[in-house]
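Please keep the sequence and the model in view while reading.

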Amino acid sequence: MLLITLLQVKNVYYMTNTHQLFERQAPSNDSQAWKDDNFSGLYRGSNSTFLAAYWNQDFYRQSQQLVVLFQEEGFANGITQGRYTSNSLTSNPWIGDNFGFSQPQGFTFALYPIAKRNGKQMMLYTVDSDRKLQQHEYTISEAVLDPGTVIPLTRESETDLIVEPRSPLAIAVQDNQSLYTADTFPECAKKRPLTHLIFYASRDSQRLILSAWNCSTGFLDHTPEIKPLQKPNTTYLALSAVNDRAAGKGVIYVMFDPGTGPQIEEWTVPPLAGDPWVTRRTVNTNFK
């Protein structure tokens, strides 16, 4: 999981074969100067955990929140949020918070904000024991909570979307507010204006599925829109989204294996619903 912050650094989060979770950081313009950062060694993940990370900064208040989600050893049937917060006066230690719901071990999850400018109001996507995609809304707290504090959920809904436990899952976003008039603009979109584009793999991992969600229409299948980019006889291995909410831009990195070894493509997220998806480039890789 890679994050690039306003401080012009990039962070990578990963788990070692001893289940230790690590954070490595380097200047965004120098890929040779990696070093361990404060998150390293604080937590141990379960054997088959996914990782999800998100960083938010409030320029006006000079504050930031950095969160890493994982399934923790000893709490493998739930999700733990490692959270770092700071402002112009205080830098707080990493705190581990728990979500108050069950998440089967090894099942996938992802998160992204629901508003364009409020980067602390999050939508968390998980998969339950029936393989149904779940949607939870919560707020990243700036307060320093006691370790193990249960994070309150303000909204929760179950979908009919079936996601396999080890499927990759990624969330891209669109801002489709310009497609509405003053008379047709949904009331709910005043607080939840973004459309979430939810990517995951089919049961056999031979194709990707795209479902779009917004507060007024709910979940709609948009898989035909990405059909021209998908390849036959291919196994889809991993997904990662990079979104710029303010600029309304985003990309999806797709790792796949056509039978000759893993490859990565970068897909450009269309700025508006109905615009075409395109492959921006193939990323050079050297997997061994």
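The points below describe selected strands and how they pair. The model is predicted. Strand β15, which covers residues 194-201, is mostly covered, with eight of its eight residues buried. A separate group of four strands, β9, β10, β11 and β13, forms an open sheet.

**Burial of β15**
- Both faces of strand β15 are covered.
- On one side, the buried residues are L194, H196, I198 and Y200.

**Pairing of β15 with β14 and β16**
- Strand β14 (residues 169-175) runs antiparallel to β15 and is joined to β15 by seven bridges.
- In this pairing, D175 has L194 of β15 as its bridge partner.
- Strand β16 (residues 208-214) also pairs with β15 in the antiparallel sense, over six bridges.
- L197 has its bridge partner in β16, namely A212.
- Six residues lie between the strands in the hairpin of β15 and β16, where S205 takes a positive phi near 65 degrees.

**The open sheet**
- The order of the strands in this sheet is β9-β10-β11-β13, and the pairing is antiparallel.
- The edges are formed by β9 (109-113) and β13 (155-162), each of which pairs on one side only.
- On average, neighbouring strands of the sheet are turned by 20 degrees against each other, direction ignored.
- Strand β11 (residues 132-139) and β13 run antiparallel and are joined by five bridges.
- Q134 has E158 in β13 as its bridge partner.

Technical notes: Residues are numbered from 1 along each chain as its sequence is written. This is a predicted model: local features need pLDDT of at least 70, side-chain atom pairs count only at pLDDT 80 or more; totals for chains, interfaces and linings use all residues. Side-chain values use heavy atoms; hydrogens and water are left out. Buried means under 20% relative accessible area, exposed over 50%, partly exposed in between (1.4 Å probe, protein chains only). Helices (H or I, at least four residues) and strands (E, at least two) are DSSP runs, numbered from the N terminus. Two strands pair if DSSP finds at least two bridges between them. Axes are lines fitted to C-alpha atoms, for helices over the stretch in contact, and angles run from 0 to 180 degrees between N-to-C directions.
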